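Open the model in your viewer and keep the selection tool at hand. We will go stop by stop.

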Amino acid sequence: MSIVQFPKEMKWGVATASYQIEGAVNEGGRGLSIWDTFSKTPGKVKNGDNGDVACGSYHRYKEDVEMMDDLGVDFYRFSVAWPRIFPDGTGEVNQAGLDYYHRLVDELLEKGIQPMCTLYHWDLPQALQDQGGWGNRQTIDAFVNYANTMFEAFEGKIKHWITFNEPWCASFLSNYMGVHAPGNQDLQLAVDVAHHMNVAHGKAVSDFRKLGIEGQIGYAPNVEWNEPYSNRQEDIDACKRANAFHLDWFFDPVFKGEYPKFLVDLFEKNGAQLHVEPGDMEIISQPIDFLGINYYSGSVARYKENEGLFEHERIDTGFQKTDIGWNIYPEGFYNVLTHIHKTYGDVPIYITENGSCYNEEPENGRVRDSKRIDYLQQHLIALDRAMKSGVNIKGYLTWSLMDNFEWAEGYTMRFGIVHVNYRTLERTKKDSFYWYKQMISNGFFERLS
Ligand SMILES: N=NNCCOCCOc1ccc(-c2cn(C[C@@H]3NC[C@@H](O)[C@H]3O)nn2)cc1
């Protein structure tokens with residue numbers, strides 16, 4: 001029997017996001033978000049699913065916190081719905097919105113669970129989208145106003161803040177590929193959106209420091225890993241381009257104060273200019289206290305002439321896949337973490353999302369999700385290897401506490417360690433919940449393979 005033992009100071013948690021779990025979209029003074037609009041646009045979300053009810057967590061947060069208390073987590077990572085705080089994005093603050101998050105945070109603190117608060121997890125107020133959304137540079141100041149309002153309202157209660165969740169998804173997946181809200185397909189717009197989000201991140205960090213808010217602040221980019229199929233230079237270069245799309249484009253500005261020139265040139269070749277204003281790069285590269293990393297999957301890939309923006313193609317090398325069709329690639333987790341450490345230094349890292357999609361249903365009140373337990377084991381083994389290689393990992397939060405609205409996949413794809421019956425909203429702890437609980441309690445687990 002071999003065990004994987006984590007340092008006693010390792011922190012453990014679970015993650016969710018507002019639009020994916022709260023529901024109650026017309027309650028408490030909430031305004032519309034771009035995901036309310038997008039999910040109700042025919043053809044955008046599977047089965048026409050939307051977040052109107054979701055997991056009902058707006059009203060069931062006490063039950064959710066009870067489950068986290070049972071789990072024994074140190075952190076609960078949740079996101080605030082900007083349209084609950086400022087229904088039109090700016091203007092008069094909606095006290096009922098603040099009050100909801102105070103109830104949630106007070107419940108967490110009472111159980112000794114630390115809140116980790118994501119300010120932007122994609123639910124931009126629709127009123128701001130109507131004025132150009134993140135393509136409009138003025139949205140930066142609207143975000144900073146919202147962030148400062150939250151910093152001051154929760155001073156002393158929330159001590160871990162994340163500005164943006166997965167800016168690659170919120171910019172390129174949403175404005176170049178059109179897969180997420182608002183569903184544009186415009187590379188120039190996506191490049192503008194990404195830059196405006198980067199500036200908004202930096203301005204929020206800068207104000208966090210000026211306000212002297214107690215706590216730490218970071219952001220949570222999503223990363224995938226493309227491993228070259230061969231040692232041919234064309235394959236190596238193709239993977240560098242693909243990796244840079246998720247990594248360098250969002251890490252270099254923050255950690256180096258500049259965008260990767262080869263990507264700037266590549267975007268320009270494809271008709272998209274980078275519009276940087278004086279002072280932007282200095283503000284973006286404000287030092288952060290921690291880096292959140294969201295990792296799910298990766299691929300072996302190679303050069304393919306004229307294939308997409310990066311002349312790169314993923315190849316099927318027989319990796320097992322989860323029910324959403326993503327490769328199970330724990331080696332990629334190790335590779336990307338050691339790459340980040342080597343390239344960007346010893347920044348403290350929380351794994352702010354890692355998890356898998358498996359769609360088992362309850363049978364006699366039990367959900368036998370052994371494949372999710374295996375995914376967790378494989379990725380925690382890779383995480384342990386990365387830590388032993390010197391990567392400064394502070395904690396691991398699995399995605400997700402419960403099944404929820406998985407964006408364009410609607411409710412068809414389940415990532416939770418707790419099953420949700422979307423008709424009754426009944427929660428059922430899966431086998432993976434009990435495995436994760438035991439692992440957190442022990443600080444180690446026995447390797448099954
Ligand atoms: N990559 N290129 N693909 C080309 C065409 O893509 C089609 C689809 O693309 C993607 C890429 C990435 C994702 C994704 C989803 N999550 C899971 C969420 N993370 C934050 C939290 O809210 C979770 O729900 N993380 N990433 C979805 C779709």
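Strands here are DSSP runs of E, at least two residues long, numbered from the N terminus. This is a predicted model.

**Stop 1: Asn-165.** Colour residues 160–165. This is strand β5, and Asn-165 lies in it. Is Asn-165 buried or exposed? Its relative accessible area is 0%, so Asn-165 counts as buried, the cut-off being under 20%. Now show its surroundings. Leaving out neighbours within four places in sequence, Asn-165 contacts residues including Arg-77, His-121, Asn-294 and Glu-353.

**Stop 2: Tyr-296.** Move to strand β8, residues 290–303, where Tyr-296 sits. Tyr-296 has a relative accessible area of 12% and is therefore buried. Which side chain makes a polar contact with the side chain of Tyr-296? Select Glu-353: the contact is 2.4 Å. Beyond four places in sequence, Tyr-296 also touches other residues, among them Glu-166, Trp-326, His-379, Trp-399 and Phe-415.

**Stop 3: a helix pair.** Select helix α3 (residues 57–71) and helix α16 (residues 431–442). Their axes come within 9 Å and cross at roughly 50 degrees. The two helices are therefore oblique to each other. Show side chains where they meet: Met-67, Asp-70 and Leu-71 from α3, with Phe-433, Tyr-436, Lys-437 and Ile-440 from α16.

Notes. Residues are numbered from 1 along each chain as its sequence is written. This is a predicted model: local features need pLDDT of at least 70, side-chain atom pairs count only at pLDDT 80 or more; totals for chains, interfaces and linings use all residues. Side-chain values use heavy atoms; hydrogens and water are left out. Helices (H or I, at least four residues) and strands (E, at least two) are DSSP runs, numbered from the N terminus. Buried means under 20% relative accessible area, exposed over 50%, partly exposed in between (1.4 Å probe, protein chains only). Contact means heavy atoms within 4.5 Å. A polar contact is a pair of N or O atoms within 3.5 Å; within protein, one must be able to donate a hydrogen and the other to accept it, and residues adjacent in sequence count only if both atoms are side-chain atoms. Axes are lines fitted to C-alpha atoms, for helices over the stretch in contact, and angles run from 0 to 180 degrees between N-to-C directions. Angles under 35 degrees count as roughly parallel, over 145 as roughly antiparallel, 65 to 115 as roughly perpendicular and the rest as oblique.
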